[in-house]
Amino acid sequence: MAHESSPRAALTVGLVGLGRIGTVLLTALGRFAPDVAVLASGREPERVAGAVADWPMARAVDPQELASTADLVVLCLPPQAYRAWIEALAPTMRPGAILVSVTNAVTLEDLGRWCANPVIKIIPSPAHAVGRGACLLTAGPRATAEQVERVRALFARFCRPVLTDPADARIASNLAGCAPAILAAFCASFLDANAARAQALDPEALRAMLAESVGALAALLDEGASFEDVMRRTATPGGTTEAAIDALAADGPALCARIVEATFQREAQLLGIPPPRSSPATPGTPVRG
Ligand SMILES: NC(=O)c1ccc[n+]([C@@H]2O[C@H](COP(=O)([O-])OP(=O)(O)OC[C@H]3O[C@@H](n4cnc5c(N)ncnc54)[C@H](OP(=O)(O)O)[C@@H]3O)[C@@H](O)[C@H]2O)c1
């Protein structure tokens, strides 16, 4: 049920665009920060109204109301749509309201030139809808320490915010924002490779087993185990798990280096800057612990 956000909530978050990540943030705020008022806008007002209908703290509004009312204006838009939105509506933002970018594909410097308000970048993850995931937070132009802390404290209610040096924005995004999707893609391939040999178990049973294993890994890591601990505890010397890990070790490092390289190349394309020099053919020193 929608309602007027009056008397004014302690914080009003404006979600510009309810696509994938806008919907994730709506869900996370609704589940874990229901005292925060949410305003949402989009190109199809009826669809936005339908999406917020389940969240009492949220209201569908037009872009003008969102821009002039929200304390945090979160641009859940494709990078290509940022400049047009900012040039049309950022001048109407309240003084002190924070423009929040969710993309690495528009530089903080550009955002600071297009918009007079403080700018903060967050790189969220779909995991926030279930109260998990790391969220990268980078202070942009004009953002004060108090404003950064305000955004960090809000996101800490449903994820693990990590203050990120812009120099490491790409790799941090890979490990936080992209990782759930990349690991899910690996799981899908591993599932397919096993399903191709299934004789009695149906696909749903196989999928449920792997999903349980992923949850088990997360639980072990939460209790302080390292990746290496999990491998050591599972792989009996001379056994089949060890054989599987050896097979992965043969191709995995080069494959992972290609995956990381693809992210650097694509980000350069999106930013319209020259492609970065390729990383070395051999991956770097393993990170242990
Ligand atoms: N998906 C993720 O997990 C994730 C994680 C971190 C960061 N991000 C960032 O989040 C941003 C949005 O990604 P997404 O995955 O949520 O994309 P998406 O599902 O395609 O949603 C994009 C939203 O932007 C709107 N939109 C598209 N083009 C527009 C335009 N020209 N003008 C105004 N609105 C426009 C769409 O409106 P319609 O519904 O009307 O098409 C939709 O609401 C991107 O910058 C992406 O890099 C995404």
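Select Ser-173 to begin, and you will find a residue that counts as buried because its relative accessibility is 2%, where buried means under 20% relative accessible area, exposed over 50% and partly exposed in between, with a 1.4 Å probe and protein chains only. Ser-173 belongs to helix 7, residues 169-195; helices (H or I, at least four residues) and strands (E, at least two) are DSSP runs numbered from the N terminus.

Before going further, keep in mind that this is a predicted model, in which local features need pLDDT of at least 70, side-chain atom pairs count only at pLDDT 80 or more, and totals for chains, interfaces and linings use all residues. Residues are numbered from 1 along each chain as its sequence is written, and side-chain values use heavy atoms, with hydrogens and water left out.

Staying with Ser-173, show Ala-169 as well: its backbone oxygen is 2.7 Å from a polar atom of the Ser-173 side chain.

Now move to residues 12-104, which the unreviewed UniProt entry gives as "domain: Pyrroline-5-carboxylate reductase catalytic N-terminal". Here the span is 39% helix and 23% strand, with 24 Å between the end C-alpha atoms.

Inside that region, pick out helix 1, residues 20-32, whose 13 residues should span 18 Å at 1.5 Å a residue, and whose end C-alpha atoms are 18 Å apart, which agrees; the expected span is 1.5 Å times one less than the number of residues. Its buried residues include Ile-21, Val-24, Leu-25 and Ala-28. Colour the elements that the buried residues of helix 1 pack against, among them strand 1 (12-16), strand 2 (37-41), helix 2 (45-52) and helix 6 (145-155).

Which residues are closest to the ligand? Display the ligand and you will see that 16 residues surround it, the closest being Arg-20, Ile-21, Arg-43, Arg-47 and Leu-77, where a residue is near a molecule if one of its heavy atoms lies within 4 Å of it. A polar backbone atom of Ile-21 is 2.8 Å from an oxygen atom of the ligand, and an N or O atom in the side chain of Arg-43 is also 2.8 Å from a ligand oxygen atom. At Leu-18, a backbone N or O atom lies 3.3 Å from an oxygen atom of the ligand.

From Leu-77, go on to Leu-108, 31 residues apart along the chain, with 15 Å between the two C-alpha atoms. Leu-108 sits in helix 5, residues 108-114, and it counts as buried at 10% relative accessibility. Beyond its neighbours within four places in sequence, Leu-108 is in contact with residues including Val-119, Lys-121 and Pro-141.

Finally, show the whole protein, which has ten helices and eight strands and of whose 289 residues 39% count as buried. Colour by pLDDT, the predictor's confidence in each residue from 0 to 100: the average is 93, and 93% of the residues score at least 70, whereas residues 1-6 stay under 50.

Definitions and conventions:
Contact means heavy atoms within 4.5 Å. UniProt positions are given in the numbering used here, feature names are shortened, and annotations may be inferred rather than shown by experiment. A polar contact is a pair of N or O atoms within 3.5 Å; within protein, one must be able to donate a hydrogen and the other to accept it, and residues adjacent in sequence count only if both atoms are side-chain atoms.
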